[in-house]
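These exercises go through one structure, starting from a single helix and ending with the domains. Each task is followed by a worked solution.

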Amino acid sequence: MEIIHVSAECYPMAKAGGLGDVVGALPKYQCKAGHYAKVVMPMYRTKFLYSNQWVVDYKGSAYIGNRYFDFTIIKEATNKLGYDLYLVDINGLLDREKIYGYNDDTERFIAFQIAVLTWLNNWQHQPDIIHVHDYHAGLIPFMLKNCFAFKRMAYIKTVLTIHNAQYQGWIGWDKANLIPAYDGYKWGDLDWNNTINPLASAVKCAWKITTVSPSYMSELRYNSNGLEDLFEYEKGKCVGILNGIDNEVWDPATDPYLTSNFSVKTVDAGKKKNKKQICETYGLDEKLPLFVFIGRLVGEKAADILPGAFLNALYHQQGKACYMVLGSGDKHVEWELNNITHQYRGYYNAVIGYDEALSHQLYAAADFLLMPSRVEPCGLNQMYALRYGTVPMVRSTGGLQDTVKDMGEWEGFGIRFNHASVGDMAHAIYRAIEVYKDKTHLGWMRKYMMEIDHSWEAVVEAYTDVYRNA
Ligand SMILES: Nc1ncnc2c1ncn2[C@@H]1O[C@H](COP(=O)(O)OP(=O)(O)O[C@H]2O[C@H](CO)[C@@H](O)[C@H](O)[C@H]2O)[C@@H](O)[C@H]1O
């Protein structure tokens with residue numbers, strides 16, 4: 001099948017979180033399975049753009065509202081990612097340093113979607129599937145079905161994958177003219193609660209919907225930032241498919257970012273070397289268990305409880321553990337997390353920012369990875385942790401409960417807790433410090449975790465079934 005993935009992120013071109021990881025890997029494994037998968041995304045000014053070769057694939061123009069714009073589609077010249085990567089260059093709109101966070105993000109992503117459809121409309125043939133990811137590409141199913149300019153493609157099957165339903169891309173009706181002319185009777189397919197809601201529109205118009213774990217699929221029917229009734233109504237076309245991870249990128253045996261590579265057989269010694277390097281760099285005690293948090297510092301990840309939880313643990317478990325944070329997001333949380341560094345030197349450190357290399361080093365060095373998420377559609381961090389022999393400590397929600405079994409259960413290998421609260425985290429940290437003393441148990445868990453298969457190879461077939469059903 002020929003599949004076009006449309007997304008705002010794709011690793012290694014541009015990544016702000018897990019969306020980038022998934023869109024960067026799934027097409028590669030679909031191609032390996034015999035499909036012809038491609039990715040099209042905005043052209044941001046990233047390092048990957050400047051360090052690779054590109055060829056022009058298409059030049060076109062379109063309108064967004066009454067603004068005329070030219071665009072160019074360029075293609076990575078060597079197929080080095082294992083699939084064709086296309087970038088949409090719209091001068092002045094998409095060619096920026098960051099992916100999100102501009103006042104005109106609405107215009108940017110609508111123009112991106114119009115450019116993608118204008119490009120596809122000029123193909124001689126039609127792809128089998130247009131696979132859109134999250135709300136940034138969420139207007140495509142509506143535009144294909146209802147915009148006069150794209151009618152020729154109205155029957156191309158569309159699949160929406162929801163990585164995060166918290167963000168829906170709300171647009172006021174005063175900006176409705178940004179969407180190309182469409183059949184006016186169909187305005188309801190754009191609307192949710194008197195607002196244009198790109199995610200809701202995609203849920204209504206896509207032929208099939210997937211979420212990134214089965215538990216999250218059920219959760220959306222009672223917790224989806226206002227779309228609960230819609231998910232209940234559309235449940236017939238929804239499927240939950242647990243994400244995979246790219247075992248080639250995330251492999252402790254070959255990971256170029258690590259001080260010392262290791263495998264299942266050498267995990268204890270390998271982790272020790274990586275931990276030593278991190279502890280030396282960040283002034284921590286390598287003899288103590290190392291707890292790490294990596295992620296966006298936002299409410300969904302329960303980042304707001306981290307400062308309290310760390311202070312509590314640092315006080316009550318004095319001298320028994322070290323903690324390290326890598327993340328960015330809410331400014332107040334960043335400030336609080338930074339502040340602890342001065343109070344508990346030697347036992348705690350924080351790097352505020354985004355650092356891909358350091359994230360790999362931390363998965364390898366840590367003994368425990370904290371994920372107290374309030375909402376976690378799938379979660380990739382815990383799967384990376386498993387692969388690097390790091391015990392995940394997760395709140396029982398979404399994909400976290402689909403992938404982590406508490407060590408109190410038969411063949412359990414992680415630590416689970418029920419509430420995103422300082423109390424629950426304190427208890428979880430206490431349990432972790434206890435198990436750290438039992439080297440036999442810890443060693444068994446590490447080896448067991450590293451052998452769990454979360455590869456994309458095992459997942460690709462589930463997506464193929466969804467495409468076939470569409
Ligand atoms: N400061 C930093 N420096 C370096 N790396 C950092 C970083 N902050 C985050 N990362 C990296 O970003 C990724 C985060 O992925 P997650 O899946 O945990 O969360 P996210 O909420 O972004 O993804 C959403 O989409 C994914 C994919 O479907 C779902 O798994 C998830 O539940 C959903 O919320 C990981 O690769 C992590 O290492």
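**Exercise 1.** In this predicted model, list the buried residues of α1, then say what they pack against.

Solution. 
- Step 1. Counting a residue as buried when 20 or more other C-beta atoms lie within 10 Å of its own, the buried residues of α1 are G18, L19, G20, D21, V22, V23, G24, A25, L26, P27, Y29 and Q30.
- Step 2. These make up twelve of the 15 residues of α1, and the helix is mostly covered.
- Step 3. The packing partners of the buried residues are β1 (2-6), β2 (36-42), β6 (129-133) and α16 (457-469).

**Exercise 2.** Compare the end-to-end reach of α1 with the expected span, and find the phi of G34.

Solution. 

**Exercise 3.** Describe the shell around the ligand by residue, element, residue class and domain.

Solution. 
- Step 1. The shell has 26 residues, of which G17, G18, H163, C378 and L380 come nearest to the ligand.
- Step 2. Two or more residues come from each of α1, β12 (290-297), β13 (322-329) and α11 (356-365).
- Step 3. The largest contribution, four residues, is from α1.
- Step 4. By class, the shell holds nine nonpolar, twelve polar and five charged residues.
- Step 5. Domain 1 and domain 2 each supply at least three residues of the shell.

**Exercise 4.** How far apart are the C-alpha centres of domain 1 and domain 2, and which elements of domain 1 supply the side that touches domain 2?

Solution. 
- Step 1. The domain assignment gives domain 1 as 2-244 + 457-469 and domain 2 as 267-450.
- Step 2. Their C-alpha centres lie 33 Å apart.
- Step 3. The contact takes 15 residues from domain 1 and ten residues from domain 2.
- Step 4. On the domain 1 side, α1 (18-32) and α6 (214-219) each supply at least two residues, and α6 gives the largest share, four residues.
- Step 5. That side of domain 1 divides into four nonpolar, nine polar and two charged residues.

**Exercise 5.** Which residues does UniProt give for the feature "domain: Glycosyl transferase family", and what is the helix and strand content of the span 279-435?

Solution. 
- Step 1. The UniProt record, an unreviewed entry, places this feature at residues 279-435.
- Step 2. The span is 41% helix and 21% strand.
- Step 3. Its end C-alpha atoms lie 21 Å apart.

Note on methods
Residues numbered from 1 in each chain as written. Predicted model: local features only at pLDDT ≥ 70, side-chain atom pairs only at ≥ 80, totals over all residues. Domains from an automatic or database assignment. Contact = placed C-beta atoms within 7 Å. Nonpolar A, V, L, I, M, F, W, Y, C, P; charged D, E, K, R; others polar. Near = placed C-beta within 6 Å. UniProt positions renumbered as here; feature names shortened; annotations may be inferred. Expected span 1.5 Å × (residues − 1).
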